[in-house]
Amino acid sequence: MDNRRKKKLTFFTIGLIFLLSGVEYAVILPTIWRYLQTLEAAPYFLGLALSAFSLSGLLTGPLFGHWSDKTRTTKKIILFANVFEIIGNFMYFMGYSKWLLLSSRLVAGIGTGAGSSIFGFLTRSTAPEDRATAFAAVMACRQAGLLIGPAFNIFLRLCDFNLGPFVVNKYTAPGLFMCLLWTLIQLAVIFMYWDLPHLEKEKANDRLRGQSKDEENKQGLMEEENDEEKPLMGSQELGGSYGSAVASNTARSDTSAASNATLNHISPPLSPVPPESHESSIPSKTSSISREFLREEVVVLLAAQFITLFNQTALETMVTPMTQKYFGYGELENSVMYCLCGVEVIAGFLFVRWLSQRVTERVVLAIGLTICNISGVWCLIFLANPLGGFPWQLTEFVIGVFLQVLGLPFVAVAQVSLFSKVTSEKTQGFSQGVRRSVGGLATILGPLWAGGLTDNMYIMMGVMMALLALLTIMLAFSYDRMLAPAVEEQVDDPDNCG
């Protein structure tokens, strides 16, 4: 099987993994609250269960990323992480007690830590100019999972039978369903996933060896031409016939000169590789966490990750109570609304995928942040205290949600692509783990912030708007640094490909 086909199958498998992560979120979330109620859990257990999933992923992301940086492999890491997804979802299916249910989400969340290894893998196996396109496609797969996930609940809610000692109903069926899907993903990873960075490194080394051979051939031809122009006997050889001492010294000098010429001839094509690889390994050994993550551009991108996800999850938490209060929406209306938002997000990612091939990531980030600011101002004015009758309130709500969802793909794709370029490629797995941990922290704090301020919308949205304004100011001052400083080095140094 050629490398191109392996790459396509590998990327297809990565898309399936992110698709399934979206499906799991969409299948578990609608039923987990009623499931906890059947187990006589207190209301705060819902927040604990949802936060436990994010917390374990937050902690394991950097660990899995560091593992992939050290081994330069991701296949084994994905297979290992998926075991926790399988076990966690089976524990969710068992559901003997509220504590087992809480533990199940904690165990399943460990599997999400493999995402940092996958993003590091994508960074090492794609060219810088194609990276935003690849990230956009992967993120769109997760959004597609969020879109089609609710459809599975249509038949899962009809389950009502026993499987040995276990009861399969509309609450436990999602756990069994996801357990089976993650098992199938294991088979897909085994048979359709390859660690491509090694293949890319071989290609780069082949190109380097080809260039070295060309240089050797050119130098060999030049030396042959020089040898043809030399006389058969030099003056030193003629003079040496009068004494053996002079002849032997001359012979030794000719031999040493010839050996030096041979060494000089051999060393040039071989010398570029060791110095470059040696010099490129020095920064990765001497660089510290402070030098890597406290640089201005890295701080701005991590802030973009945190603030956008914080605002997104806070608004998601606020939307359902708001639609119930002002519009009387139930589960069906909210499901339709989320499906429409999913369609918009997927269309947004596809547009960003097209746009990123024509403009730089910092332009995409600026566009997305502008849309988010417009959305924040709109929500602060019209949604904090909706005015008018039902049609006008619904219009205000639809426009606010549309603008909020519209800006997400721009910011998400741009910040993750830029982050992969401004951080070291050799520690990309760990760096992506840190980025995803910052996002995980935002997904924990966002719902907690919004959940406690549903009756104080001006405070909730005012703080969210202030965070967006802060991020906008940070981006404005750091806009010139939102570039990849090591792109040229990565292209010139083929060892960085692996």
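This is a predicted model: local features need pLDDT of at least 70, side-chain atom pairs count only at pLDDT 80 or more; totals for chains, interfaces and linings use all residues.

Before anything else, a word on burial: a residue is called buried when its relative accessible area is under 20%, exposed when it is over 50%, and partly exposed in between, with a 1.4 Å probe and protein chains only. The areas themselves come from the Shrake-Rupley method with a 1.4 Å probe, and for residues only the protein chains shown count as cover.

Residues are numbered from 1 along each chain as its sequence is written, and side-chain values use heavy atoms, with hydrogens and water left out.

Let me start with the whole chain. The protein chain holds 19 helices and two strands, where helices (H or I, at least four residues) and strands (E, at least two) are DSSP runs numbered from the N terminus. It has 498 residues, of which 45% count as buried, and it exposes about 24,800 Å², with carbon and sulfur atoms supplying 66% of that area. If we take contact to mean heavy atoms within 4.5 Å, then among contacts between residues at least 6 apart in sequence, 83% join residues at least 24 apart.

Is M139 buried or exposed? M139 is buried, because its relative accessible area is 14%. Leaving aside neighbours within four places in sequence, M139 is in contact with F119, F349, A412, V413 and V416. The C-alpha atoms of M139 and P409 are separated by 8.5 Å, although these two residues are 270 residues apart along the chain.

A second pair of this kind involves K421, which has its place in helix α16. K421 is buried, with a relative accessible area of 9%, and its C-alpha atom is separated by 9.1 Å from that of R131, 290 residues apart along the chain.

Helix α16 brings me to helix packing. Two packed helices are described by the angle between their axes and the distance between the axes. Here the axes are lines fitted to C-alpha atoms, for helices over the stretch in contact, and the angles run from 0 to 180 degrees between N-to-C directions. Helix α15, residues 361-383, and helix α16, residues 390-422, pack at an angle of about 155°, with their axes 7 Å apart. That makes α15 roughly antiparallel to α16, since angles under 35 degrees count as roughly parallel, over 145 as roughly antiparallel, 65 to 115 as roughly perpendicular and the rest as oblique. The crossing of α15 and α16 is left-handed; a crossing has that name if the near helix is turned anticlockwise from the far one by less than a right angle, and is right-handed if clockwise. By class, the contact of α15 with α16 has 20 nonpolar, six polar and four charged residues, with Ala, Val, Leu, Ile, Met, Phe, Trp, Tyr, Cys and Pro counted as nonpolar, Asp, Glu, Lys and Arg as charged, and the others, Gly among them, as polar.

Let me turn to helix α5, residues 114-125, which packs with α2 at an angle of about 40°, with the axes 7 Å apart. The helices α2 and α5 are therefore oblique to each other, and their crossing is right-handed. On the α2 side the contact is made by G61, F64, G65, S68 and D69, and on the α5 side by A114, S116, S117 and R124. These residues divide into two nonpolar, five polar and two charged.

Finally, two loop residues. E40 sits in the loop between α1 (3-38) and α2 (44-71), and R72 in the loop between α2 and α3 (75-94). Phi of E40 is near 60°, a positive value in a residue other than glycine, and phi of R72 is likewise near 60°. E40 is exposed, with a relative accessible area of 69%, whereas R72 is buried, at 17%.
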